[in-house]
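I opened this one to see how the parts sit together. My notes follow in the order I looked things up.

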Amino acid sequence: MTHDVTITVDTAALRHNVEVLRAAVAPAAVMAVVKANAYGHGAVECARAFVEAGVDWLGVADLTEAVALRRAGVEAPVLAWLHAPGEDFVEAAALGITPAVSSVDQLEAAVAAGVRAVHLAIDTGLSRNGAVESEWPELFDRAAGHAAVVPVEGLMTHVSNASSEEDGLQTARFARAAAMLDERGVRPPLLHVAASAAALDYVGSRATMVRFGLASYGLSPYPDRTSAELGLRPAMTVTAPVTTVKRIPAGEGVSYGYLFRPERDTSIAIVPAGYADGIDRAASERASVTIGQRTYRVRGRIAMNALVIDVGDDPVEIGDEVVLFGDPALGRQSAADWADAMGGITYEVVACLAAGLTRRYTA
Amino acid sequence: MSAATSLRRATVDLAAYRANLESLIARLDPVEILAIVKADAYSHGADVLVPEAVAAGIRWFGTVELEPALRMRRLGIGGDASFFAWQLSPSDDLEAAVDLQVDLGVSTLDQLESVAAVARARGGVALLHLTIDTGLHREGCLPSDWPAFVARAVELRDEGVVRLRGIFSHVSETSEADDQAAARVFEKAVADAEAFGATVEKRHMSSSSAALEHPERRFDMVRMGSNGLGIPVTEGVTAADRGLRPVLTLSASVVKVKRVAAGTGVSYDYTFRAPSDTTLALVPLGYADGVSRRAQGAVHVVVNGAPRPIVGRVAMDQFLVDMGDDPVAVGDEVVLFGPGDRGEMTIGEWADATDTIPEEVACRVGARVPRVYVGGRP
């Protein structure tokens, strides 16, 4: 919640990424996934940028997120797939939001509310959201029965990325579900299986639409391949100003727990970014940041609203801009570097950034 | 419940918050308690908690940064209580700080001069706490620079542009020996300041647990963040040990139930495969909502009165609970952490299990989780 931490999102990078991804999966349609505040990038502004870049669909997890987009004036097709118990879909219908339904109850409620169309979400092996195979016959029968009024516009599943063999099994199950629908006279124009990881790696998963989350923000879904190797540009840069610089004698402890005791006299700088901003405490002593072209290690424990960096004998001053991470092509640390530092994944580095942070958008 | 709260919610027990503060006030009397409401009161919602704290008898609030203090002042939240901010940034609106009488922690001569210049220009008086670095090496004036710093502060006080309200420090809580050493540095800084004629109203260096455990370091005021929220931060000490009640409960509703066969892979990478036929319940909370990926295999959640494991990867928006052969239905409540009354983990236990501290667990409950306030004053 520090107003000092600023997230700058390069909307040109968002547009570039969409173009690259669209070309990679053509002729499949493209959905940009903007759930979890657009993976921390800011849902409304990113949704607008993606629509401007020509994505066919926007995807979110729940209807609250979809409603927020509509209320902000985003008119593009929006799909939401994680629904509250007893959800009545009335607001979704009123705002032209398309629900993906995963049970007969959800389907019936959506039809009763008069939604414009539905997608059917099926479980092909991930064991999360999505109707399991034993539920398919009834769900598909009912959907076929309503199709004249509420069309089945899409059939979707989500793959586990466990291995290409597993993803292949899931894709085969998906094809079986599509065939079962076909037997009932239902041929959804939008068949979508893959998210970023599967879509870029496994052509067989692409169907007629691909959901791009992480990749559309320019981040690599693979631990062993960089954004640049995928032709993507990270859109997000996280910065904060130095608020304090002080000289520390050798051997003095720094920050909570005194994890860091410099071996020689050094200067430290305080950066007003901490775990309340979504900077994971597990990155303490492991992550690095940059000031200009120089890289500095985070020292001591990351606190709620501050972290400490060791700047040695460099002439760092109050107000200097510290880049926590951004585009590594510009010499910055990457979100993936922070993921490694905290023992996590790139997704959580960005998606956990606090909603209250200042977000700026550059064209 | 609205659609949003019927998916997931963070319930904030305001009665527990008031009771915790009242109990702490009674125990620490006559020492003043400054309630820390930084980071939106550890994500509990500062705008709601501050008036509750005032009702419990709190007269001082700490926000770390200036901006939230200014915002609450402008909204009239907290009435005439004092607000204290000490992590000043170059972009801060010091004019507003002087006009709105927010107490400021200052660490350097430059800060002192810029605050004084603003007060002079506004015809106002800046309320200052002189910050001494007693070893934590974040904000704070180093002891070697302290005499010149204090001397200048006294001159500015005599000029009438600043009021010396406090001398304060942060301690590292690394070890008892380190904290004792910090206390000696603090005492010397106070004595040196007094020798320069800088007598202040509030000397404060202790926070939360240290304040409870070490009466000799309470001085005039202590800063209480987590204890008020029922989060004891000392290892091995529970909220109950302290006579405190956890304020925050994180819960959600089951949104999907499925029976899977033995061998079925669960969630990304199939890190879990059902050892036998079992029932899985899908819970709409993920790491974007503050449920750490480290929770997999490390915590239990409570569903229908019984503890259950999280199985498979925690995803951005959801995780799965293994229900075995027990009944569960869409809509059943899943409690992640809370006061523990229903067998759920406390936030301290959750933090231990996910290899962090309870403050981080609280702060990282995301914006997608609606806060539901209960126990408000009649």
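Domain bounds here come from an automatic or database domain assignment. I keep in mind that the model is predicted.

**Entry 1: domains of chain B**

The assignment gives domain 1 as 31–229 and domain 2 as 248–374. I got 39 Å between the centres of domain 1 of chain B and domain 2 of chain B, taken over C-alpha atoms. For their contact I noted 8 residues from domain 1 of chain B and 8 residues from domain 2 of chain B.

**Entry 2: domains of chain A**

I then went to chain A, where domain 1 covers 11–217 and domain 2 covers 236–362. Over C-alpha atoms, the centres of domain 1 of chain A and domain 2 of chain A are 37 Å apart. Their contact draws on 10 residues from domain 1 of chain A and 11 residues from domain 2 of chain A. Which element gives the most to the side of domain 1 of chain A that touches domain 2 of chain A? I found that helix 2 (residues 35–39) of chain A does, with 3 residues. By class, that side of domain 1 of chain A has 4 nonpolar, 5 polar and 1 charged residues.

**Entry 3: where the chains meet**

How many residues of chain A are in contact with chain B? I have 61 residues of chain A in contact with 57 residues of chain B. I listed the elements that give two or more residues to the chain A side: helix 2, helix 4 (63–71), strand 11 (244–248), strand 12 (266–271) and helix 11 (346–351) of chain A. The residues on that side of chain A divide into 29 nonpolar, 21 polar and 11 charged.

**Entry 4: helix 2 and helix 4 of chain B**

Next I checked helix packing in chain B. The axes of helix 2 (residues 14–28) and helix 4 (residues 46–56) of chain B come within 9 Å and cross at roughly 45°. That angle makes helix 2 of chain B oblique to helix 4 of chain B. I logged the crossing of helix 2 of chain B past helix 4 of chain B as right-handed. From helix 2 of chain B, the contact uses B:L14, B:Y17, B:R18, B:L21 and B:E22. Helix 4 of chain B answers with B:L49, B:E52, B:A53, B:A55 and B:A56. I sorted the residues of this contact between helix 2 and helix 4 of chain B into 7 nonpolar, no polar and 3 charged.

**Entry 5: helix 8 and helix 9 of chain B**

I did likewise for helix 8 (residues 146–159) and helix 9 (residues 176–195) of chain B, whose axes come within 9 Å and cross at roughly 45°. Helix 8 and helix 9 of chain B are therefore oblique to each other, and their crossing is right-handed. B:W146, B:P147 and B:V150 of helix 8 of chain B meet B:A189, B:D192 and B:A193 of helix 9 of chain B. The contact between helix 8 and helix 9 of chain B has 5 nonpolar, no polar and 1 charged residues.

**Entry 6: one glycine**

I finished on B:G297, in the loop between strand 14 (278–283) and strand 15 (300–303) of chain B. Is B:G297 buried or exposed? B:G297 is exposed, because 12 other C-beta atoms lie within 10 Å and a residue counts as exposed at 12 or fewer. I also noted that B:G297 and B:I310 are 13 residues apart in sequence and 6.1 Å apart in space, C-alpha to C-alpha.

Key. Residues numbered from 1 in each chain as written. Chains lettered and ligands numbered in written order. Predicted model: local features only at pLDDT ≥ 70, side-chain atom pairs only at ≥ 80, totals over all residues. Contact = placed C-beta atoms within 7 Å. Helix = DSSP H or I, 4+ residues; strand = E, 2+ residues; numbered from the N terminus. Buried ≥ 20, exposed ≤ 12 C-beta atoms within 10 Å, placed from the backbone. Nonpolar A, V, L, I, M, F, W, Y, C, P; charged D, E, K, R; others polar. Axes fitted to C-alpha atoms, helices over the stretch in contact; angles between N-to-C directions. Parallel < 35°, antiparallel > 145°, perpendicular 65-115°, else oblique. Left-handed = near helix turned anticlockwise from the far one by under 90°.
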